[in-house]
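Welcome! Here is a short briefing to read alongside the sequence and the 3D view.

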Amino acid sequence: MPSDSLPAGPSAPVIPKSVPPSVIALFLAFAKMSVAGFGGVLYWARRAIVDQHRWMSADEFNETYALCHFLPGPNIVNLSMVFGARLRGIAGGIAAFTGLLVPPMLIMTALAALYARYGEVDALRRILGGVSCAAVGLLIANVLRMMAPLVRRRDVASLAMLVVVFVTIGLVRLPMPLVLLVAIPVSIAVTFAVRRKVSA
Amino acid sequence: MNPNPNPVWALVSTFGLLSLFAVGGANAAIPEMQRIAVDVRHWMTDKQFSDIYAISQLSPGPNVLIVTLIGYAVAGILGAIAATFAMCVPTAVLAYGVSRLLARQTGSRWPAIIQAALVPLSIGLMGAGALILTQTTDRSFVAAFVTGAAAVLAFATKLNPFWMFLAGGILGFAGVI
């Protein structure tokens, strides 16, 4: 247990790194940040974990998020599992994971049922059509924002990889696994070669 | 093609495999989800897919829950649950395993290299997703204008996305788009 392994004596002032939360507290905290998370859960997750509960420092949070970002799958879902397990073992991981997923999944299922029933109603069709126009705009903005640092650095190799994936997936419509099985090793090799050249 | 007797199994195998290729998160998997749901399996039309994308953006929770909506459309409540867990459990287990592994040996520069190498790929995938969705949503001049305006506003300002969804919804309801 972390409290036993502290090198200092029992009366040493411990920096307020709060006690690990219970499994139920983990479930509730993740349920809350998930349902509050309009427009992405990451913002609320950082706020709750770092600022509110002080379960992690900002650096620890960034490191954990970076790990979950480079692994495949929904980042924030991966983060819930890794984070919960770090604090409370596998039970903690499962608590955070289910807390994050199950409440919004129930909301989503209810919306899916409504859509299945009323999706063909003309007014709803028009409204959803308008909302999806805006939603696609947000996705485009997201892409541009992520591209900006590559453009600023004139990172030609990365931009070329980006364009190849965009064309093969978006225009040619090749299956994603096929494209990535080639693109991932190529991109890693290119990145490795570029970094070696820079540092040499 | 052999008829698949069990749609729930089709959902589980589809999303279980797809999640392992979702580099950069759920939005990077949009093009492949659309390709499978609309073109390969014929689970829904492209209009239904873009509706579902809009609903998933409007609702609370992680973006990945678009698979809950697809799962429900295919096989009801059981399909919704099966699709969600198939998309989320394998990679969460993988992330747990890797985090345990990395906890022991730090200082390796490979995670940083792999991460840097994956960034352009996930941006390319998200861009492809945007392109595919615009082909469904932006079939009129006004619709394309709304998408463009939302893109510029979201890129250049800190305006809450809610207002853009609201504006899009009102214009849609009014029949302008």
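Two residues are said to be in contact if their C-beta atoms, placed from the backbone, lie within 7 Å. This is a predicted model, in which local features need pLDDT of at least 70, side-chain atom pairs count only at pLDDT 80 or more, and totals for chains, interfaces and linings use all residues. Residues are numbered from 1 along each chain as its sequence is written, while chains are lettered from A and ligands numbered from 1 in the order in which they are written.

**How confident is the predictor?**

- The complex receives an ipTM of 0.92 and a pTM of 0.88 from the predictor.
- Chain B has an average pLDDT of 92, and 95% of its residues score at least 70; pLDDT is the predictor's confidence in each residue, from 0 to 100.
- Among the elements of chain B, the highest mean pLDDT belongs to α2(B), at 97, and the lowest to α5(B), at 92.

**Chain B as a whole**

- Chain B contains 7 helices and 0 strands, where helices (H or I, at least four residues) and strands (E, at least two) are DSSP runs numbered from the N terminus.
- Along the sequence, the pattern of chain B reads α-α-α-α-α-α-α.
- The C-alpha trace of chain B spans about 60 × 45 × 30 Å along its principal axes.
- Of the 177 residues in chain B, 55% count as buried. A residue is buried if 20 or more other C-beta atoms lie within 10 Å of its own, exposed if 12 or fewer, and partly exposed in between, with C-beta atoms placed from the backbone.
- Among the contacts in chain B with a separation of 6 or more, 57% come from residues 24 or more positions apart.

**Where the two chains meet**

- A:Phe97 is in helix α4 (residues 75-118) of chain A, and it counts as buried because it has 28 C-beta neighbours inside 10 Å.
- Leaving aside neighbours within four places in sequence, A:Phe97 is in contact with A:Val77, A:Ser80, A:Met81, A:Gly84 and B:Ala92.

**The nonpolar core**

- The largest nonpolar core has 113 residues, and A:Val165, B:Ile66 and B:Ile70 have the most contacts inside it. Such a core is a set of buried Ala, Val, Leu, Ile, Met, Phe, Trp, Tyr and Cys residues joined through C-beta atoms within 7 Å.
- α4(B) gives the most to this core, with 19 residues.
- Neighbours within four places in sequence aside, B:Ile70 is in contact with B:Met33, B:Ala37, B:Trp43, B:Ile52 and B:Ala83.
- Both B:Met33 and B:Ala37 are among the buried residues of α2(B).
- In soluble globular proteins, nonpolar side chains tend to be buried together.

**A buried loop residue in chain B**

- B:Ala28 is found in the loop between α1 and α2 of chain B. Is B:Ala28 buried or exposed? B:Ala28 counts as buried because it has 28 C-beta neighbours inside 10 Å.
- B:Ala28 and B:Ser122 are 94 residues apart in sequence, and their C-alpha atoms are 5.6 Å apart in space.

**Positive phi in chain A**

- Most residues other than glycine have a negative phi, and most peptide bonds are trans.
- A:Arg154, which is not a glycine, has a positive phi of about 55 degrees. A:Arg154 lies in the loop between α5 (122-152) and α6 (156-171) of chain A, and it counts as exposed because it has 8 C-beta neighbours inside 10 Å.
- A:Arg173, also not a glycine, has a positive phi of about 60 degrees. A:Arg173 is in the loop between α6 and α7 (176-199) of chain A, and with 15 C-beta neighbours inside 10 Å it counts as partly exposed.
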